[in-house]
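Please look through the structure below before reading on.

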Amino acid sequence: MVVHEGELVGLYGLAGAGRSEILETLMGLRTVQSGRMLWRTQSYEPSGPGFAARTGLALVPEDRRQNALVLGMRLRENLSLSFLHRLSRFGCLLRRREKNFAKHWMQALAIKARDREQPVSELSGGNQQKIVFARALAMQPQLLLCDEPTQAVDVATRRAIHHMVRSHCEGGGATLVVTSDLQ
């Protein structure tokens with residue numbers, strides 16, 4: 001499989017067919033069993049998610065509650081979790097910077113919540129999924145990996161997710177979507 005800049009590639013398959021494992025392997029969560037991967041014509045062997053992220057990959061996992069969100073934390077904290085290094089100075093989190101970061105992404109993706117301090121566990125599934133997308137998109141990935149991105153969300157959020165993915169591709173990024181939904 002080849003994914004070029006600006007492309008949206010869909011990988012269809014039923015649950016258990018190995019489709020999620022492909023994304024996990026690209027992110028360095030699994031090791032390559034056979035074959036080889038190339039990234040920008042170079043051999044690609046990710047040693048873990050941190051390596052994959054530094055290389056330009058971001059993952060929206062299938063199970064947001066289990067693999068992407070920290071349900072005991074607030075919306076603001078979940079949004080900033082992957083960016084503490086950018087929101088800190090000398091090892092201290094700069095609250096104003098963190099709040100502005102959260103405010104920006106809440107507005108950009110129309111995340112509906114009482115405020116930034118609302119526990120993420122109290123949000124709808126669609127708003128939780130938008131938080132996962134915000135974290136992934138804030139990384140400015142060259143390749144966005146999405147595993148069942150519209151699973152268990154309402155129609156409006158599904159439309160918003162489709163728009164986010166198209167915008168990412170129109171901006172020059174590539175997206176690989178794994179789905180069991182042909183629509």
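The model is predicted. In soluble globular proteins, nonpolar side chains tend to be buried together. Here the largest nonpolar core has 30 residues, and those that touch the most other members are Leu79, Trp105, Ile131, Phe133 and Leu144. At least two residues of this core come from each of strand S4 (57-60), helix H4 (75-80), helix H5 (95-108), helix H6 (125-138), strand S7 (143-147) and helix H7 (155-170). H6 contributes the most, with 7 residues.

Apart from its neighbours within four places in sequence, Leu79 is in contact with Phe101, Ala102, Trp105, Met106, Ile131, Ala134 and Arg135. There is also a second, separate core of 14 residues, with Tyr44, Leu57, Ala174 and Leu176 among them.

Arg64 belongs to helix H3, which spans residues 64-67. Arg64 is buried but has no salt bridge: Asp63, the nearest side chain of opposite charge, is 6.9 Å away. What lies 3.2 Å from a polar atom of the Arg64 side chain? The backbone oxygen of Ala152 does. Ala152 is also one of the residues in contact with Arg64 when neighbours within four places in sequence are left aside; the others are Leu69, Gly125, Gln128, Gln129, Val132, Gln151 and Val153.

Glu170 lies in helix H7. Glu170 counts as exposed because its relative accessibility is 68%, and the cut-off for exposed is over 50%. Glu170 and Leu8 are 162 residues apart in sequence, yet their C-alpha atoms are 9.5 Å apart in space.

Note on methods:
Residues are numbered from 1 along each chain as its sequence is written. This is a predicted model: local features need pLDDT of at least 70, side-chain atom pairs count only at pLDDT 80 or more; totals for chains, interfaces and linings use all residues. Side-chain values use heavy atoms; hydrogens and water are left out. Helices (H or I, at least four residues) and strands (E, at least two) are DSSP runs, numbered from the N terminus. Buried means under 20% relative accessible area, exposed over 50%, partly exposed in between (1.4 Å probe, protein chains only). Lys and Arg count as positive and Asp and Glu as negative; His and the chain ends are not counted. A salt bridge is a side-chain nitrogen of Lys or Arg within 4 Å of a carboxyl oxygen of Asp or Glu. A polar contact is a pair of N or O atoms within 3.5 Å; within protein, one must be able to donate a hydrogen and the other to accept it, and residues adjacent in sequence count only if both atoms are side-chain atoms. Contact means heavy atoms within 4.5 Å. A nonpolar core is a set of buried Ala, Val, Leu, Ile, Met, Phe, Trp, Tyr and Cys residues joined through side-chain atoms within 4.5 Å.
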